[in-house]
Amino acid sequence: MTDLIRSAGLSYYPEVARSVGLDPRQMMRKVRLPLACLDKPDTPIAVAGLRRLLELSAEASGAEDFGLRLAERGGLTNFGAVGLIVREQATVGEAIAAFSRFIHVHHEGMRLDVARDKHTVTVTLHLRGRQPSAPRQAIDMALGSVHRIIQSLFSSDWRPLEVQLHYPPPHDRKRYREFFGCRVTFNADDDAILLSAHDMERRIPSAHPLIANYLRKRIEAIETRPASWEAKVDEVVRSLLASGDCTVEHVAEHLACTRRTIHRRLAASGSSFSAILDAQRAYLVIQLIDDTRRPLADVAVQLGFSAQSAMARWFRGRFGCTVTEWRKGMRGEVPSQTAA
C-alpha cells in the first residue's frame, strides 16, 4: 500500500537543490513527482516518490548530507497542524509525546517510539517501506527534522546526549556532529536521538493549553487516514479537484504508480477511477454553483470538463435538473462525500 506524506516536506527542496547545482524541477520530473505540489503544502504525495527524489539528488550532486540540508531549513511549520499542537504543549516531554502521537497525520509511514529510564529518554525513528530499512537520505531528513523540532522547544544552546544511526559512517562525519551538536554513533541498532530525562520537564514559554486542546480535537477528528487503494485515490482526487487539476495521470504521479496500476487496483476492489471522480465532482459542484458570482465556464474547467455544455449534460444526468433549476431550489439528490 502506498504511504502518503504532505508535500510540505518538499517546501525547501528547490532551494537546497539549487544550492548543490541541481535543477529542482528536472529532478522532480525524473521521479515523476507533480511540480504543482511545491506550491500546495497540503497536497498528498507518495512517500516512495519523495525518497527516490532525495536519493537521486544526493547521488547527482555528490552531497551525501542532502537529507540533513533539507532538515536544516525546516521546522514546525513544515508539519502543519501537527507542528502547531507540538508548539502549544506545556513541557518538552508533552510536546514530544504529542509529536509521536500525531506524526502519522503528516507522514503515514513514520513512527516515533519514546522510551524513558531514570536518566535518559530515547526517541527512536521508524520509517515503513518495502526495503528492510528506509534509504539513508530519508532517515537523515526525518531524524534531522525531529532534532530541529526538539531544539526549537529549547534555547539555541541545547544539545542531545547522542544520536544513533544504523547505517555505516559517511565520508564526512564532522558534518553530522556539527548538525546534531553531539556524538553521532553509526552502525547502531536503531535510528534514534537520546536526551536527558531532565530535559523533558523544561517548560515551553509560548504554550497555550486552550489552543493545544482545540488543536488536539481537530487533529483527532482527521487523523484516521484512508487505508484502501480506493480511499487513497479518493483522497488525492478530492485534493486535485479543489485545485482544478485532476486527471488519472496526475493522481498516478501523487501515488508513485502508473495509471494502469490505479485502474487494476480499483477494479480489484469493485470500483473505478471514473466512479470516484464522478462522486467527488458531484460533491464539489454543489458547493461551487452556490456562488452565483462564479462563472459556470470556470466551474466546468475546475471540474475537468471539456466545455460548459459537457458539465451541463453531466449535471442534468447526475441530479435530474439543470444548474439554473438547482439554484432556484428545484433540487434532486444531494450526494455525500465518499471519504470524508
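Two strands pair if DSSP finds at least two bridges between them. I start there, since strand pairing is what I looked up first. Helices (H or I, at least four residues) and strands (E, at least two) are DSSP runs, numbered from the N terminus.

**Ground rules.** I am working on a predicted model, where local features need pLDDT of at least 70, side-chain atom pairs count only at pLDDT 80 or more, and totals for chains, interfaces and linings use all residues. Residues are numbered from 1 along each chain as its sequence is written, and side-chain values use heavy atoms, with hydrogens and water left out.

**Sheet.** I went to β4 and β7. Strand β4 covers residues 120-127 and strand β7 covers residues 191-196; they pair in the antiparallel sense over six bridges. I picked out Thr-120 and found Ser-196 in β7 as its bridge partner.

On to β3. It pairs with β4, again in the antiparallel sense, over seven bridges. Ala-115 stands opposite Thr-122 in β4. A hairpin of three residues joins β3 to β4.

Then I took the sheet as a whole. It is open, has five strands, and runs in the order β3-β4-β7-β5-β6 with mixed pairing. Which strands stand at the edges? They are β3 (110-116) and β6 (183-185); each has a single partner strand, so one side of each is left without a neighbour in the sheet. From one strand to the next, the twist averages 20 degrees.

I noted one general point for reading side chains here. In a regular strand they alternate between the two faces of the sheet.

**Helix on the sheet.** I checked what lies across β3, β4 and β7. Helix α6 (residues 92-106) does, running at about 155 degrees to β3. Axes are lines fitted to C-alpha atoms, for helices over the stretch in contact, and angles run from 0 to 180 degrees between N-to-C directions. Contact means heavy atoms within 4.5 Å.

**Whole chain.** I counted secondary structure next: the protein chain has 16 helices and seven strands. The C-alpha trace spans about 70 × 45 × 35 Å along its principal axes. Among contacts between residues at least 6 apart in sequence, 66% join residues at least 24 apart.

The domain assignment, which is automatic or from a database, gives domain 1 (64-220) and domain 2 (229-328). I read 38 Å between their centres, taken over C-alpha atoms.

**Burial.** Buried means under 20% relative accessible area, exposed over 50%, partly exposed in between (1.4 Å probe, protein chains only). Of the 340 residues, 50% count as buried.

**Cysteines.** I looked for disulfides (a pair of cysteine sulfur atoms within 2.5 Å). The structure holds zero. Cys-37 is in no disulfide; the nearest cysteine sulfur belongs to Cys-246, 15 Å away. Are these cysteines buried or exposed? Cys-37 counts as buried at 1% relative accessibility, and Cys-246 counts as buried at 12%.

Arg-32 has a phi of about 60 degrees although it is not a glycine. Its place is the loop between α2 (24-30) and β2 (44-46). With a relative accessible area of 38%, Arg-32 is partly exposed. Asn-187 also came up, with a positive phi near 60 degrees. I found Asn-187 in the loop between β6 and β7.
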